[in-house]
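Hello,

Here is the structure we talked about passing on. Please look through it first; my notes follow below.

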Amino acid sequence: MMLKQYVNPGEQRKAQLVQRPRMEAAELADLITTIFHRVQSGGDEAIKEYTTQFDGVDIAELQVTSEEIEQAALHLDDELRRAIDVAYANIMAFHQSQINIPRKVETTEGVECWQESRPIERVGLYIPGGSAPLFSTVLMLGVPARVAGCDQVVLTTPPQQDGSVHPAIIYAAQRCGIDVIIKAGGAQAIAGLVFGTTSIPPVYKIYGPGNQYVMAAKLKAMDYGVAMDLPAGPSEVLVYADASSHPEFVAADLLSQAEHGPDSQVVLVTPDHHILEGVENQLRLQLTELPRRDIAERALAHGYAVVFEDVERSFDFINEYAPEHFIILSDNAEDYLPLVRNAGSVFVGHLTPESAGDYASGTNHTLPTAAYARSYSGVSLDSFIKKITFQKISTAGIQKLGDTIMTMARHEQLQGHAQAVKVRIDYLKTQGANEDA
């Protein structure tokens, strides 16, 4: 069997199954601290040295030139360029729909409260390099940054072996209006975004996936007052499939996640054990067609299938697992949506593969992993804005609400708070309560 199987596991076994591999952050702490201190003092030169050391690439200039940006589209075939354009339009439409119109609420007569959004002024987008250029992540982060109206967006990504940035990444960045692109990856790039260098503007918040070094560096950035989007670990998918599912769809969805990396998390939950044989057969068949077969097989080696006797127990487990990607392959998929409490992104029905959300349906693919979906949302427009509250109190408002405020303040032994109200009420009394404060 390619997937380990568990039938009606007890509470102790379920608690073990929902656990993810944990990064030993303490082991990385010294290295990350050293890199941060070196970049803080050495700037561009330190980042170049680390790029040579870790990536084996010598970089003359960290920032991509305007000429390189202009040439990028010429190096893409028309089919890929059109695909990026379609994905950009869909992602833009979905994130524009998240814009909130401010609405004033009169909580008490004469007391108006409201909330307005403001963009985070300077943001940094980390785009992984490695075995494949993740230009889709440029769209997922660059589009909401553009919709939010961030003043400055800095993109950093590991260079290719020839010292260039893949043209698809540059083209996607260009579509998002990003013109500061840095040829650097790893913890040194995160440090550059934190401190700023000659080539890299400093930012207030950092977004994007990465390996354990990048994740540890993003956590370290918070020590310097620079925020991060969300905690992230290895990518993961959980598929719920019942007797109405198609084994070839189930296997394809599991493999689409398994090919990400050998540490990808792959889980199948079903109330019908009879589907497992068909899924196993399809896994073997489809694996032979995958160029990244070795990676997928290593991920499947620690994947598993869980069989529960009913839907309710299945969804209790799924919510405890809190998957990054959750695919419901069932004729009754929409009926099950009220049962979903914890998930990063949900894919509903037989014809909705996770690949759609990864690339072009419009939703964001930057999502919480490692059970953080219990308490974190995925990246959205809200990730790139701050919500500031406002209030205005009139003469009638301070008179109606004043006693309540002063009573609460005195009982908390904060007389200064009470006094701030009392002086206004006393002032209005001397003015005959005609002042509209």
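Does Gln413 count as buried or exposed? At 74% relative accessibility, Gln413 counts as exposed. Please keep in mind throughout that this is a predicted model.

Backbone

Gln413 sits in the loop between α15 (395–411) and α16 (415–430). Its phi is positive, at about 60°, although Gln413 is not a glycine. Most residues other than glycine have a negative phi. Ala370 is not a glycine either, and has a positive phi of about 55°. This residue belongs to the loop between α14 (354–359) and β14 (385–393). With a relative accessible area of 13%, Ala370 falls under the 20% limit and is therefore buried.

Sheet

An open sheet is built from six strands, ordered β1-β11-β10-β9-β12-β13, with parallel pairing. The edges are taken by β1 (4–7) and β13 (345–348); each has a single partner strand, so one side of each has no neighbour in the sheet. From one strand to the next, the twist averages 15°.

Within this sheet, β9 (residues 236–241) and β10 (residues 265–270) are joined in the parallel sense by five bridges. Leu238 is placed opposite Val267 in β10.

Two helices can be described against these strands. Helix α9 (residues 247–258) lies across β9, β10 and β12 (325–329), and runs at about 170° to β9. Helix α10 (residues 276–287) packs on the sheet and touches β1, β10 and β11 (304–307), with its direction at about 150° to that of β10.

Aromatic rings

The count of aromatic pairs comes to 14. One of them is formed by Phe315 and Tyr336: the ring centres are 5.5 Å apart and the planes are at 50°, so the pair is tilted. The pair links distant parts of the chain, since Phe315 is in helix α12 (residues 311–321) and Tyr336 in helix α13 (residues 333–336), 21 residues apart. Phe315 is buried, with a relative accessible area of 2%, and Tyr336 is buried at 12%. Ring pairs also link these two residues with Tyr240 and Phe326 into a cluster.

Charges over rings

Lys104 has its charged end over the ring of Trp114, at 4.4 Å from the ring's centre. Arg175 lies over the face of Tyr88, and here the distance to the ring centre is 4.2 Å.

Regards

Methods
Residues are numbered from 1 along each chain as its sequence is written. This is a predicted model: local features need pLDDT of at least 70, side-chain atom pairs count only at pLDDT 80 or more; totals for chains, interfaces and linings use all residues. Side-chain values use heavy atoms; hydrogens and water are left out. Two strands pair if DSSP finds at least two bridges between them. Helices (H or I, at least four residues) and strands (E, at least two) are DSSP runs, numbered from the N terminus. Axes are lines fitted to C-alpha atoms, for helices over the stretch in contact, and angles run from 0 to 180 degrees between N-to-C directions. Contact means heavy atoms within 4.5 Å. Rings of Phe, Tyr and Trp (its six-membered ring) pair if their centres lie within 6.5 Å; planes under 30 degrees apart count as stacked, over 60 as edge-to-face and the rest as tilted. Buried means under 20% relative accessible area, exposed over 50%, partly exposed in between (1.4 Å probe, protein chains only). A charge sits over a ring if NZ of Lys or CZ of Arg is within 6 Å of the ring centre and within 35 degrees of the ring normal.
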